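Morning, everyone. Let me put the chain up and then walk you through it.

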Amino acid sequence: MTHKLTIAEAIEKLKKGEITSYQLTQDCLDQIDKFDGEIKAFVTVCRESALKDAQEADRVIKERGPEIFNEKPLFGIPYACKDNFSTEGIETTASSNVLKGYKPPFESTVTKRLKNAGAILLGKTNMDAFAHGSSTETSDFFKTKNPWDFERIPGGSSGGSAAAVAANMCIFAIGSETAGSIRGPAVWCGITGLKPTYGRVSRYGTVAMASSTDSPGPLTKSALDAALVLQVIAGKDPFDATSNPAPVGSYVQDEDSPNLKGLKIGKPKSYFDIELEVGVGKALNKVLEKFVELGAEIVEIDLINPKYSIGVYTILQRSEVSSNLARLDGIRYGNPRSEFGFEAKKRMMLGAYTLSSGYYDQYYSKAQKVRTLIVNDFHEAFEKVDLIIGPTMPGIAPKLGAAEQSPLFGELADMLQEPSAIAGLCGISLPCGMSEGMPVGFQLIGNHLDEEKLIAASLAFQNATEYHKSFPEMEAK
Amino acid sequence: MPAEITKDDVRRIAKISNLELSEDEVGVFAKLFTETLKYMDMLNELDTSSVEETYQITGLTNVFQSENVSATLSKEAALSNASDPVDGYFGTKAVFERE
């Protein structure tokens, strides 16, 4: 049953010799065997290499004892990685037929840092093809199901990673967010998802979507676990010119329950005025009460209506993606451009249109100016408050097939995450209860490079509540 | 903003995007783009006359590579996924023979 452990719990037990890394890895693989035929979170499972790495990890733990964890903080911990991170020699597809069969000749910085910290790769997870979506339904391969209800979507585009964590098929997972792709599936799958400040974590080796907002980050069973992973993957990377040279913070905090006295949490009117499902609204009110109980002060603020972010994000993302996917020529690597799916073609072409001569000013330039308004708006807000709180998604995970209802399904669903993503801020999604049998969550947004404050508030919340300890009861067919 | 994206617009965009579309797809995309771009009209409700564009939010400028050139891919590694390698080079369609 070790697959149900968190990173922190697993490390304690590994240090004491109560469990082995082989056991952890084998239990995760057994869980994958049992449930992934139904859930379909994984595109590739690296069974042999994972068990081999785990055996080696156990040998080293025996030889060097617990002090190995000072050097390698995630030693022996099995994880799943979204399939848009280049893993040398291991198929990396971004769930697209254009990259099917592609084996990168180099390693992404995120997976390299995790490897150096001793983490063990279990496999690559399903996603919306090229991350174009918020449902994982637009994967060119297959749809991933929500472990809480196999007839519902897990969210996206990091749906495979979120589902893998929620189903305890791994101890933690890696995803990426352009606008909502970590926080969204985290909420719909009832787990914790952290989107770091843009530039805090290197994008080198990730299949690019919107280069000015893409942010790799962890999907985990707790905020403490998210901190443990961020501590490993954050930091300047000479291979990524947009990675931030600011020193990495101390995310793994000593305090068992950080003191929130004096912490000002902004409650934006425009984020709460939108139509929320009743269950989400009720859960959020309880969250606000809890933060007050913990010593924080809720401050009423206002932010630009998030609906404008839909326009900004749609234009920005399509424009940047048209440029990024132009490099896929099917000559140096990958399959011909005729293999692109409908969603990818749609986005590339719309992006080419908004960047084209005659339309650049009214679309792309206008969107980037509205982006300035959003950035300035947050800047003003953070002069009054330390963090901002709000719903992540307006409702519980929809049924499979939801993405087909609207060409802007993702953008509409992610409306509350787009502003902070466009502004490059950090954000975390935390579970806060259930509604109609499905998990509900909320988000905290922090200022640039203020992950320490974000994590402190999250730790305090999770130390005082048990929501993050719920996992779905699944039945194997 | 144009009232409608025409099929000719879509064909032109497909060409500059280096994508081939079926006639059916051309029709579908024309409709979809018109719908999506109408939605973008809402951005005109905001006054942006006094702001400049934000292209990136890091504030970083002139990030240069260090003088010590690091290892790059070997020829073998670079060609490892090539669709049509020829004599140790990437093979492509002939340029001068294209219409």
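One term before we start: a residue is buried when its relative accessible area is under 20%, exposed when it is over 50%, and partly exposed in between, with a 1.4 Å probe and protein chains only. Helices (H or I, at least four residues) and strands (E, at least two) are DSSP runs, numbered from the N terminus.

Now the ground rules. This is a predicted model: local features need pLDDT of at least 70, side-chain atom pairs count only at pLDDT 80 or more, and totals for chains, interfaces and linings use all residues. Residues are numbered from 1 along each chain as its sequence is written, chains are lettered from A and ligands numbered from 1 in the order in which they are written, and side-chain values use heavy atoms, with hydrogens and water left out.

The overall picture first. Chain A has 16 helices and eleven strands. Its C-alpha atoms fill a box of roughly 65 × 60 × 45 Å along the principal axes.

How much of chain A is buried? Of the 477 residues, 68%. Contact means heavy atoms within 4.5 Å. Take the contacts in chain A between residues at least 6 apart in sequence: 77% of them join residues at least 24 apart.

For charge, Lys and Arg count as positive, Asp and Glu as negative, and His and the chain ends are not counted. Each charge is placed at NZ of Lys, CZ of Arg, CG of Asp or CD of Glu. Chain A has 51 positive and 60 negative side chains, and the centres of the two sets lie 2 Å apart.

Now β4, residues 172-177 of chain A. Six of its six residues are buried. Both faces are covered: A:Phe172, A:Ile174 and A:Ser176 on one side, A:Ala173, A:Gly175 and A:Glu177 on the other. Next, its partners. Two strands pair if DSSP finds at least two bridges between them. β2(A) runs parallel to β4(A), joined by three bridges. There, A:Tyr79 stands opposite A:Phe172. β6(A) pairs with β4(A) in the antiparallel sense, over five bridges. A:Glu177 faces A:Ser215 in that pairing.

What packs here? Helix α5, residues 109-116 of chain A, has these buried residues: A:Thr109, A:Val110, A:Thr111, A:Arg113 and A:Leu114. They pack against β2, β4, β6 and α8 of chain A. Just after α5(A), A:Gly118 takes a positive phi of about 95°.

Helix α6, residues 159-166, is mostly covered as well: eight of its eight residues are buried. Among them are A:Gly159, A:Gly160 and A:Ser161. Another positive phi, about 55°, sits just after α6(A), at A:Asn168.

In the loop between β3 and α6 of chain A, look at A:Asp149. Is A:Asp149 buried, partly exposed or exposed? Partly exposed, because its relative accessibility is 23%. Beyond its neighbours within four places in sequence, A:Asp149 is in contact with A:Lys399 and A:Met438.

A:Met438 takes us to β11, residues 438-446 of chain A. β11(A) pairs with β9(A) in the antiparallel sense over five bridges. In that pairing, A:Gly390 stands opposite A:Gln443. β9(A) covers residues 387-391, and five of five are buried. β9(A) also pairs with β7(A), in the parallel sense over two bridges. A:Gly266 has A:Ile388 as its bridge partner there.

Back to β11(A): β10(A) pairs with it in the antiparallel sense over eight bridges. A:Cys426 is bridged to A:Gly446. The two strands form a hairpin with two residues between them, and A:Glu436 in the turn has a positive phi of about 50°. β10 spans residues 426-435, nine of its ten residues being buried. β5(A) joins β10(A) too, antiparallel over three bridges, with A:Leu194 opposite A:Ile428.

That's the tour. Over to you.
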